Amino acid sequence: MPPDRGRASKACAACRKQKTRCYETTPGEFWCDIQQNLSYTDPQGRACLRCDRLGQECSLSVDSPYSRPPTLEVNGTSDGNGITEYRLERLENLVYELAKRLEYVESEVNQEEGKIIAKNHPPLDVTALLNPEAGTSEQASAPLFVLRDATAQSGIRRTDRTGTNGPSQGLSDDVILKGLISEQEATSLLVLFHENYGRWVSFDAAAPITRLLEDVRKSPLLLTACCLIAVRHVSQELASRLAPKLFQDAKLLLSRAMLSVPQPLEFFQASLVLSLWSTTIGQLPLGIDSWLLSGFALQHSIASGLFPFARGIRSTTLKQQELDRLCIWNHLCLVHLHYCVGTRRKTVLDEEDIHRCRLVLESNNATNFESRMVAEVFLYWVIYRNCSMSTDLPKTQESLHRWKEEWGWLLDQPRSQFVQMGYYFAQLMAYDQSLKTGSSAVRESLLSEMVRLSTAIINLAMSTTDERTRHLTDHIYHMISFAAVTLCRLLNIYEEQLSLSHDLHRLDEIVLSLVSWLHAIGLPCHVAYTMGDVVAAFHKKLRPNTGPSPNTSYTGVDPAIQDDFAQLFPEFYGTASFDLIHGSMLPDFQPLV
């Protein structure tokens, strides 16, 4: 029996149901009425000890003459502000009691394990708990943040958490001060990132590197993300030494950044970098879940106040800083749609968000790059709406035709191959869905088109190689690899039918040439090399009797590598219906007859 407490004269309903003893609480303890969401002190109709500890309703309190919360009056009249103040006061008491109980539980656990831990943390400051931002806000923090801070001040920490990542941390925990890389290494990596990727995150192209480094170091997460991408282009030795440490640091910083609202602009830049090159940094598709991360970032953007773009506003009236933010918003939308399509998951965007992306085109400073980004946003919106589940092929073709009528002018502009590739990819996705569900006559008519589109994507990629190819986003390599994998699947399932109208040896050679091309783009840690291994493994397993061309890196590729990638990226690699347990890689394409 707990000290100084007696059994209740009548057990409450909850204790009777659980067949446990029912103890009274001491006078002055409070109870929370869940229905009224209002805490109050009830000196007579008190909940029992068990119900009080569990925070649930107790029939002893409900049956009392004081079972409903009292009507609060301020200066003789009912006042909503008075009720709010009363509830806040009770919330402070609740937090204080919770913190004491957490400390008590911790001490009990330590005693049971034979540990003696000196508790040097300061006494609880209830005001600080309710307002962890040092009194900068008039309103109390959300309850979950209150409990989080109460837990932290009670001395409970995750073993792998060594610092904080709030927006005001400044330089306190970046990778330079942690000793992961030197300032000289960080500078050289940032130079490489700025030159090849800076426009994605709206870095000032004319900014000196010293000032850029100073600005980027304000966000440890952004600095880590930039270095993590750039290190894959320096040397294999440096990448092997630094990339795993940087990757772990990025995941740790990112997990903590998710708990801080609102976030600064640097958080959205870092989220964009990590989403666009998630395969590069993790060496696996969805090493970081780009769909999840980009979705979180878009949700955070609502609370940040950094992207207040509404329909009807004219971008010609926006300042350069606002245009830069609009570009970041567009890129977040694009990468989110990339992975909504690639993983067949729901988007957090709606029609109004998509049309908001057009604002940048009204600016006099709109570039070819930004125009292509907006065109891709609308293209992937078409794919998302028409190819996510079942596909109405005529309707999808009509939507794609309307898109091409509006954005076809970009096909005559520099670096139009990526817009053209995306258009082929959209058609291939639509035909791929139709091939699984259509009639035999429809399937036969789709085969040649799918072969044409797959080879067109591969040939377009290889024929437009330049010095910037190694710095493309991961999605481009996913798209190219999807075309090659689709071609392998078609050759495996419809070999007899395709042999009547196509040179199968030539099609196999295209796949093997792509493997060589992917392996030649960058270091072994580059995403292209990784995807080359994936394509080679698919082809080797589905077409084992087709020998590799002499100039490929086909030999020695482990066919099992495709299983790892396919399970992480099921929709891109068509493995939703594969029987991986029995080694069968055949999707549910229907036979022609």
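Analyst: An axis is a line fitted to C-alpha atoms, for helices over the stretch in contact, and the angle between two axes runs from 0 to 180 degrees between their N-to-C directions. With that in mind we can look at this structure, which is a predicted model.

User: Why is helix α20 called roughly parallel to α23?

Analyst: The axes of α20 (residues 474-493) and α23 come within 10 Å of each other and cross at roughly 5°. Angles under 35 degrees count as roughly parallel, and so α20 is described as roughly parallel to α23.

User: Which residues of α20 and α23 meet?

Analyst: On the α20 side they are D474, Y477, H478, S481, A484, V485, C488, R489 and N492, and in α23 they meet V527, A528, M531, V535, F538, H539 and L542. Sorted by class, the residues of this contact are 10 nonpolar, 4 polar and 2 charged.

User: What makes α23 largely enclosed by the rest of the structure?

Analyst: A residue counts as buried when its relative accessible area is under 20%, and 12 of the 16 residues of α23 are buried, so the helix is largely enclosed. Among the buried residues are V527, M531, F538 and L542, which also take part in the contact with α20.

User: Why are α16 and α17 called roughly antiparallel?

Analyst: Helix α16 (residues 368-387) packs against helix α17 (residues 393-407) at an angle of about 170°, and their axes are 10 Å apart. Because angles over 145 degrees count as roughly antiparallel, this pair is given that name. The residues of α16 that meet α17 include F378, L379 and V382, while those on the α17 side include L400, W403 and W407. By class, this contact has 9 nonpolar, 4 polar and 1 charged residues.

User: What makes I521 buried?

Analyst: The relative accessible area of I521 is 8%, and because the limit for a buried residue is under 20%, I521 is counted as buried. I521 lies in helix α22 (residues 504-521), and, setting aside residues up to four places away in sequence, it touches T469, R470, Y477, H526 and A528. T465 is 56 residues away from I521 along the chain, yet their C-alpha atoms are separated by 9.2 Å.

Note on methods:
Residues numbered from 1 in each chain as written. Predicted model: local features only at pLDDT ≥ 70, side-chain atom pairs only at ≥ 80, totals over all residues. Heavy atoms only, no water. Buried < 20%, exposed > 50% of the residue type's maximum accessible area, 1.4 Å probe, protein only. Helix = DSSP H or I, 4+ residues; strand = E, 2+ residues; numbered from the N terminus. Parallel < 35°, antiparallel > 145°, perpendicular 65-115°, else oblique. Contact = heavy atoms within 4.5 Å. Nonpolar A, V, L, I, M, F, W, Y, C, P; charged D, E, K, R; others polar.
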